[in-house]
Amino acid sequence: MAESMPRVQQLFDQALELAPGERQGFLEVECAGEAELRAEVEALLVAFVDAGEFLAETEQRPALSGEEQPGAVIDRYKLLQEIGEGGFGVVWMAEQQEPVKRKVALKIIKLGMDSKQVVARFEAE
């Protein structure tokens, strides 16, 4: 199996350069008669897509505090000024860029306060 890894990696990289709808045809040609090779490449592609969805969801969550400063952009919010601090995080006046441009309060979780219990209480607030 170690010998096939470069070929798996090569096909995976090539498939990523194609539109999702073109990948199956590409794999049919490149992996003709090699079902195990095709299965490995397809598994990598599925994992890659799933990871992308997970990362997109993560970007929608509040950021962890630590490096924020006026002018920093978090998702669709531009930080303007710090307006308060609580046990869980720091509250900033921010400007929402979309879907409408408006000023909002944005609470950012403090570093180390990202346990499941703390995040659940934060979301409840």
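This is a predicted model: local features need pLDDT of at least 70, side-chain atom pairs count only at pLDDT 80 or more; totals for chains, interfaces and linings use all residues.

User: What makes strand 1 and strand 2 a pair?

Analyst: The cut-off is at least two bridges between the strands. Two bridges join strand 1 to strand 2, so they count as paired.

User: Which strands are called edge strands, and why?

Analyst: The open sheet has four strands in the order 1-2-3-4, with antiparallel pairing. Strand 1 (73-74) and strand 4 (102-109) each pair on one side only, and they are the edge strands.

User: Glutamine 96 is in strand 3. How do you know whether it is buried or exposed?

Analyst: Buried means under 20% relative accessible area. Glutamine 96 comes out at 3%, so it is buried. Leaving out residues up to four places away in sequence, it touches Arg76, Tyr77, Lys101, Arg102 and Val104.

User: What makes the approach between glutamine 96 and glutamate 98 close enough for a polar contact?

Analyst: The limit for the N or O pair is 3.5 Å. A polar atom of the glutamine 96 side chain lies 2.8 Å from the backbone oxygen of glutamate 98, so the distance is within the limit.

User: Over to leucine 11 in helix 1. Why is it called buried?

Analyst: Its relative accessible area is 0%, and the cut-off is under 20%, so leucine 11 is buried. Not counting residues up to four places away in sequence, leucine 11 touches Phe26, Glu30, Cys31, Leu37 and Val41. As for Glu30, its C-alpha atom is 7.9 Å from that of leucine 11, though the two residues are 19 apart along the chain.

User: And what makes up the largest nonpolar core?

Analyst: Ten residues: Val8, Leu11, Phe12, Ala15, Phe26, Leu27, Cys31, Leu37, Val41 and Leu45. The largest share, four residues, comes from helix 1. Another core lies apart from this one, with nine residues, including Ile74, Leu79, Trp92 and Leu106.

User: Why call a group like that a core?

Analyst: The label takes buried residues of the listed kinds, joined through side-chain atoms within 4.5 Å. Leu11 shows the burial part, because its 0% is under the 20% cut-off. In soluble globular proteins, nonpolar side chains tend to be buried together.

Note on methods
Residues are numbered from 1 along each chain as its sequence is written. Side-chain values use heavy atoms; hydrogens and water are left out. Buried means under 20% relative accessible area, exposed over 50%, partly exposed in between (1.4 Å probe, protein chains only). Contact means heavy atoms within 4.5 Å. A polar contact is a pair of N or O atoms within 3.5 Å; within protein, one must be able to donate a hydrogen and the other to accept it, and residues adjacent in sequence count only if both atoms are side-chain atoms.
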